Amino acid sequence: MSAKLERESSFWDAKQPPIADLDPELYRVSPGDLTDRSVPWLPYLGFPRHVDEVLNHLGDLRDARVLDLGCGTGFMACLAAAAGAEVEAVDISESSLEVARWRAQVSGLSSRIRFHAAPAEVLPFADESFDAVCGAFVLHHLDLSVAAPELRRVLRPGGRGAFIETSGGSRLLMAARRLLPGSLGIEKASSDDEAPLGASSRKWLEKSFGGSLRFSYPTTLFFRMLCYVPPLHRAPMRHLLAGADELLHRVPAMRSQSYYSVVSFEREGPSATARQIPGSLRESGDLVLPAESP
């Protein structure tokens with residue numbers, strides 16, 4: 001696992017530009033924001049609808065203690081803080097955390113967010129520390145046989161979780177994902193260790209959160225994935241693909257074919273037992289919890 005974490009952290013470190021090159025206006029987060037303006041294509045892919053569903057599931061965040069898992073450049077952490085939460089934000093990429101800390105500063109939210117360099121599989125928090133957990137595009141990077149019990153451990157009874165995720169429900173999209181990146185002018189944007197959530201991921205999440213687990217699809221993202229092919233970038237084709245997805249979304253049975261989903265759950269049951277670090281991590285000797293970032 002430590003080798004995987006190193007590969008993932010190096011991959012995401014390399015993707016972050018110097019802060020001096022970033023536009024504060026694109027990274028500033030305000031209450032009510034539903035999209036990350038630093039990633040201009042997100043609204044086209046339906047991201048604001050997914051963020052809205054996450055916030056609706058989490059409920060009133062005023063004075064809540066919230067964990068942003070895999071915070072990346074800090075959009076979700078800042079959004080929760082802007083809604084009144086006290087946020088602990090975790091990521092394994094130091095370069096991403098640098099951007100996230102800067103984003104919190106330009107958003108005027110630094111006093112409400114603390115950033116930590118740590119893996120999701122060994123969270124540096126006490127049992128039942130959080131009222132809510134959230135994240136965007138992080139669960140599909142994790143070993144959920146370890147990370148899902150960790151999420152349950154740090155959630156208080158009655159605490160809620162909601163994540164925007166890539167979904168492996170469509171065999172056609174999964175085949176395209178395997179075959180097309182790196183060809184036809186399509187950029188390979190994912191790391192080698194990640195994969196959209198499938199049946200095994202659902203199994204591990206259900207084991208920790210039981211019948212509260214839900215996969216929902218605020219919009220169906222299927223035909224719009226073709227916009228990654230360069231000739232289909234142009235506006236008329238984008239509108240046509242978006243219209244096709246709107247029609248597909250009207251068929252409830254087809255919504256699970258969407259590439260994006262919202263994964264939500266609630267921690268039920270009695271209080272957590274004492275924390276147990278899995279033996280494979282405890283005994284490896286080379287997985288050391290990083291120090292907390294300021």
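Please keep in mind throughout that the model we are looking at is a predicted one.

How many disulfides does the model contain? The count comes to 0. A disulfide is, in general, a covalent bond between the sulfur atoms of two cysteines. For a pair to be counted here, the two sulfur atoms must lie within 2.5 Å; the cysteine sulfur closest to that of Cys71 belongs to Cys78 and sits 9.1 Å away, which means that the distance is too far for a bond.

Now I would like to turn to the backbone, and to two residues in loops. If you follow the chain to the loop between helix 3, residues 47–58, and strand 1, residues 65–69, you will find Asp63. Asp63 has a phi near 65 degrees, which is a positive value in a residue other than glycine, and, with a relative accessibility of 67%, Asp63 counts as exposed.

Where is Phe137? This residue lies in the loop that runs between strand 4, residues 130–136, and helix 6, residues 144–154. Although Phe137 is not a glycine, its phi is positive as well, at about 55 degrees. Is Phe137 buried, exposed or partly exposed? Its relative accessibility is 22%, so Phe137 counts as partly exposed.

Conventions: Residues numbered from 1 in each chain as written. Predicted model: local features only at pLDDT ≥ 70, side-chain atom pairs only at ≥ 80, totals over all residues. Heavy atoms only, no water. Helix = DSSP H or I, 4+ residues; strand = E, 2+ residues; numbered from the N terminus. Buried < 20%, exposed > 50% of the residue type's maximum accessible area, 1.4 Å probe, protein only.
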